[in-house]
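Visitor: I'd like to learn how to read a structure like this one. Could you take me through it feature by feature?

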Amino acid sequence: MQAFLEGIDLGIPGNTSSDPRHATSNDAEFNVGSGGLMSLWPRELGLAATFSPETVKLFGDIASAEYRALGITTALSPQIDLATDPRWFRMGMTFGEGTELVTDLGRAYIDGFQTSTGKDEVADGWGYKSVNAMVKHWPSGGPEEGGRDGHWAYGKFAVYPGNNFEEHLKPFTEGAFKLDGKTRMASAVMPYYTISYNQAKDGTNYANGFSKYIVTDLLREKYGYDGVVCTDWLITGDEGPTPDFFAGKHWGVEEMTIAERHYMVIKAGCDQFGGNNEKGPILEAYAMGVKEFGEPYMRQRFEQSAVRLLRNMFRLGLFENPYLDPKESAAIVGNPDFMQAGYDAQVKSTVLLKNRNNVLPIK
């Protein structure tokens, strides 16, 4: 892939992203000789059950090394939504509901993923062992109305009961944007599908990726974030025939055309369309902007996003060397030391409710 990209156009390397992929399945025993798997760890709620930022940072160190060995350079994680409604199906993908714990673990996770040291460091903690962390979901998708979810039309709204909107921001503003390591803050942010109901001070109720208030006024201007903002997947597409149909997720802008929705996302301040593969609607949106604001303004707006996206590639040394040695990759991914560390974290994450009949210790 990288050789192909090097030979076309401007030679910009590929920046491959992935959702989390290290969690054990619930029906598989740990196996140190697991035949090519990567290291197996508790999923996020299990990592939270260790109550150990050190364990989570170690996970980030190891997971990012395995990602880079596989050619993955952006992690679509961590998910630091406060899981304040136990009915929400994504609770297990979070670090739970405790603000301080979620903040500390999110910070440790990102430091582990993004930091390179020694000969691997290019500059400012970034380098050949770094993986961009796309922290999600701004400004928190946890308080879903009725515990439903924004992947479907029946879950369009986040409602923030008890007027706790500001509380849900803290894992971002106090954690992801205030790292202990040299990279300083998460390099990318993903807004959630939902409409943060009645939170926008401009009086609008658009889904977060379409909301200028949520992305520009709050994230960029109030909290000074200048990294990549990538929409959640397929927010510009049409929804299905019924509210339980899995399709496009254009909540709040249903009456707009697909090109108009793209234009709304650009005006909101996002840099990247998650899951979109067609350039046509983006070029239509550009033409709309030229008509409204003029060519120089739209040219500058597109270049602003290009700089943010390219910066995340330069930091990882992809322009210097995007290639991998397959033998080295095979030696890194799922090696015995990494497998053992994942197993140790599994043990540490286990919460014993009652030791009936002295089940523990297991011989």
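Visitor: Is Glu 145 buried, exposed or partly exposed?

Guide: Buried means under 20% relative accessible area, exposed over 50%, and partly exposed in between (1.4 Å probe, protein chains only). Glu 145 has a relative accessible area of 33%, so Glu 145 is partly exposed. Before we go on: this is a predicted model, where local features need pLDDT of at least 70, side-chain atom pairs count only at pLDDT 80 or more, and totals for chains, interfaces and linings use all residues. Residues are numbered from 1 along each chain as its sequence is written, and side-chain values use heavy atoms, leaving out hydrogens and water.

Visitor: Which residue forms a salt bridge with Glu 145?

Guide: A salt bridge is a side-chain nitrogen of Lys or Arg within 4 Å of a carboxyl oxygen of Asp or Glu. For Glu 145 the partner is Arg 148, with the closest N and O atoms 3.5 Å apart. Arg 148 is partly exposed too, at 34% relative accessibility.

Visitor: How many salt bridges does the structure hold?

Guide: There are 19. Take Lys 156 and Glu 254, whose closest N and O atoms are 2.7 Å apart. That pair links distant parts of the chain, 98 residues apart: Lys 156 is in the loop between strands S5 and S6, and Glu 254 in the loop between strand S9 and helix H7. Helices (H or I, at least four residues) and strands (E, at least two) are DSSP runs, numbered from the N terminus. Lys 156 is buried, because its relative accessible area is 16%, while Glu 254 is partly exposed at 24%.

Visitor: Where are Asp 271 and Arg 308 in the chain?

Guide: Asp 271 is in the loop between H7 and H8, and Arg 308 is in helix H9, 37 residues apart. Their side chains meet in a salt bridge of 2.8 Å, N to O. Both residues are buried. Shared partners also join Arg 220, Asp 226, Asp 271, Arg 308 and Arg 311 into one network.

Visitor: What about rings: how many aromatic pairs are there?

Guide: Rings of Phe, Tyr and Trp (its six-membered ring) pair if their centres lie within 6.5 Å; planes under 30 degrees apart count as stacked, over 60 as edge-to-face and the rest as tilted. This structure holds 21 such pairs. Trp 152 and Tyr 154 are stacked, 5.9 Å centre to centre with 15° between the planes. Phe 293 and Tyr 297 are tilted, at 4.6 Å and 35°.
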